[in-house]
2 protein chains.
Amino acid sequence: MSNTNLFTIGQAAVQSGVSAKMIRHYEELGLVKTTRTAAGYRLYNPQQLQQLAFIRKARDLGFSSHRIKELMLLWQNPTRPSREVKQLASQHLAEIAVKISQLQQMQQILQQLSDACCGDETPDCAILDALLQPNNTAF
Amino acid sequence: MSNTNLFTIGQAAVQSGVSAKMIRHYEELGLVKTTRTAAGYRLYNPQQLQQLAFIRKARDLGFSSHRIKELMLLWQNPTRPSREVKQLASQHLAEIAVKISQLQQMQQILQQLSDACCGDETPDCAILDALLQPNNTAF
DNA sequence: CTAAAGCTTGCCATCATGGTAAGGTCAAGC
DNA sequence: GCTTGACCTTACCATGATGGCAAGCTTTAG
């Protein structure tokens, strides 16, 4: 336990930037395995810490747990074609682009409505008016 | 029941564009009340249909159920200051802006990595390399 | 009258994340 | 050696928006 190369889940959490809660969650999803002490405590070696850090970075890029798992499998596979990694990235990039444009749509419409609302003490409001319009075509 | 002004939940769903499931959900959250037949079937009058359509449009603009509820309260309040409506919109716009910029951050970084990955049959991959870098500062 | 379509409630699932509770373990100090 | 506090374990609940399914009741069309 005083092995300087093995860390408890709390230490691993600090080092990797992934909460202990999420480490257990990723383990359940099959992303990171771990060894246990006789008492059942999880222990992480440097390689597993690296896996956690990998997860952390992929998560920061918005990858889903599922895609992170696929990325890790490719990473572990020395004969991977980088084409497959790039393809995962492309799929994720496509999803990001969709989300961004949906948000920009909302932003644009709502900004227009907000600009048209005088925002004073009177009850007249262009925003509410728009939400009441029976035009189905979503603005 | 054949009253042309009253609609069952299925009909209300079609007319408002909100699924029956979600109509019940919004009812549970206190957004839309309804009358019931003796047998317990929900019935919607034109005013309630309008509320559902309102919800639908607000949802399309990305408002959370909670904010939609606030919007509806303001709508129902004839002495509302439009300032309050505009404020809700502004808060939502701010959240949208945050989400957009987070996504753009991810997009930018990931696009760079993707561009740097040759994406061929060799295992070398700039994306995996980046996920393995021990730099904490998130790219 | 019967069958189909539609309604009811309740429970489960997603996805990422956090909280809490009840209980076991380990390390440090007396 | 025993107590205490910090840390670990599992299991369950919650979020928010949405869908699915199942068992059972109602209405409607034929």
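1. Ala, Val, Leu, Ile, Met, Phe, Trp, Tyr, Cys and Pro count here as nonpolar, Asp, Glu, Lys and Arg as charged, and the others, Gly among them, as polar. Under this scheme, the surface near DNA strand C has six nonpolar, nine polar and four charged residues. A residue is near a strand if its C-beta atom, placed from the backbone, lies within 6 Å of it.

2. The model is a predicted one: local features need pLDDT of at least 70, side-chain atom pairs count only at pLDDT 80 or more, and totals for chains, interfaces and linings use all residues. Residues are numbered from 1 along each chain as its sequence is written, while chains are lettered from A and ligands numbered from 1 in the order in which they are written.

3. DNA strand C is surrounded by 19 residues, the closest being A:Ala39, A:Ser64, A:Ser65, B:Gly10 and B:Arg42. At least two residues of this surface come from each of α2 of chain A, α1 (9–16) of chain B and α2 of chain B. Helices are DSSP runs (H or I, at least four residues), as strands are (E, at least two), numbered from the N terminus.

4. Around DNA strand D there are 19 residues, and A:Thr8, A:Gly10, A:Arg42, B:Ala39 and B:Ser65 are the closest. Two or more residues each are given to this surface by α1 (9–16) and α2 (20–28) of chain A and by α2 (20–28) of chain B. Its residues comprise six nonpolar, nine polar and four charged.

5. Chain A superposes on chain B by a rotation of 180° with 0.0 Å of shift along the axis (RMSD 0.0 Å). The two copies are thus related as by a two-fold rotation axis. The superposition is by least squares on the C-alpha atoms of residues with pLDDT of at least 70 in both copies. Within chain A, the residue closest to the rotation axis is A:Ile100, at 2.9 Å (C-alpha).

6. The contact between the chains takes 47 residues from chain A and 47 residues from chain B; two residues are in contact if their C-beta atoms, placed from the backbone, lie within 7 Å. On the chain A side, α5(A) gives the most, with 20 residues. That side divides into 27 nonpolar, 11 polar and nine charged residues. The copies meet through the same surface, because 100% of the interface residues of chain A are also interface residues in chain B.

7. Axes are lines fitted to C-alpha atoms, for helices over the stretch in contact, and angles run from 0 to 180 degrees between N-to-C directions. The contact of α5(A) with α5(B) holds 16 nonpolar, 12 polar and four charged residues.

8. Within chain A, α4 (residues 65–76) and α5(A) pack at about 165°, their axes 10 Å apart. These helices are therefore roughly antiparallel to each other. The contact is made by A:Arg67, A:Glu70, A:Leu71 and A:Leu74 of α4(A) and A:Glu84, A:Val85, A:Leu88 and A:His92 of α5(A).

9. In chain B, the axes of α3 (residues 46–60) and α4 (residues 65–76) come within 10 Å and cross at roughly 135°. That makes α3(B) oblique to α4(B). Seven nonpolar, one polar and one charged residues form the contact of α3(B) with α4(B).

Technical notes. Parallel < 35°, antiparallel > 145°, perpendicular 65-115°, else oblique.
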